Amino acid sequence: EQQVAVKQALDINNILDLRNKAEEASNKTLETLKTLTAHEEKSDEHALVGKLSHEVITIRAKLSKCEAKLALEQANNQKKDAVIHRLQAQAIIDQEEVHRLWTQNRVQSA
């Protein structure tokens, strides 16, 4: 009976030892899983940040392109306005010349 009791005690100790080792392994596995999950989340965050940064850079580039087109359009409009003002000034000069010639012709006719 004593041998049976000693054998049962050893078996129980072995079982408890195996149980402890299994629990330690399970805890290590859980920690590894947590670490991998954290790395994956950080990786996902980094990927998202990278994607958003790329989108911001692309939008800024498009904005700069639009601003350059707008500046060019404004410059072209200023050139057109200058031509219009020059033509309007020339029309006034021509009208004054026509009036002068008409007046001179009228005076000579009289």
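**Notebook: charges and salt bridges**

I counted 16 positive and 17 negative side chains in the protein, and the centres of the two sets lie 10 Å apart. For this count Lys and Arg are positive, Asp and Glu are negative, and His and the chain ends are left out. I placed each charge at NZ of Lys, CZ of Arg, CG of Asp or CD of Glu.

The model is predicted, so I note the limits: local features need pLDDT of at least 70, side-chain atom pairs count only at pLDDT 80 or more, and totals for chains, interfaces and linings use all residues. Residues are numbered from 1 along each chain as its sequence is written, and side-chain values use heavy atoms, without hydrogens and water.

**Overall form**

I looked up the secondary structure and found one helix and zero strands. Helices here are DSSP runs of H or I with at least four residues, strands are runs of E with at least two, and both are numbered from the N terminus. Helix α1 covers residues 2–109.

I then checked the dimensions. The C-alpha atoms fill a box of roughly 160 × 10 × 5 Å along the principal axes.

**Surface**

The protein exposes about 10,400 Å², with carbon and sulfur atoms supplying 59% of that area. I have this from the Shrake-Rupley method with a 1.4 Å probe; for residues, only the protein chains shown count as cover. Buried residues make up 0% of the 110 residues. Buried means under 20% relative accessible area, exposed over 50%, and partly exposed in between (1.4 Å probe, protein chains only).

**Salt bridges**

Side chains of opposite charge can pair when their charged atoms come close. I found three salt bridges, each defined by a side-chain nitrogen of Lys or Arg within 4 Å of a carboxyl oxygen of Asp or Glu.

- D17 meets K21 at 3.5 Å, N to O. Both lie in helix α1, four residues apart, about one turn. D17 is partly exposed at 36% relative accessibility.
- E31 pairs with K34, the closest N and O atoms being 4.0 Å apart. These two are about one helical turn apart because three residues separate them in helix α1. I noted E31 as partly exposed at 45% and K34 as partly exposed at 47%.
- R100 meets E97 at 2.5 Å, N to O. R100 and E97 are three residues apart in helix α1, so about one helical turn lies between them. R100 is partly exposed at 42%, and E97 is partly exposed at 34%.
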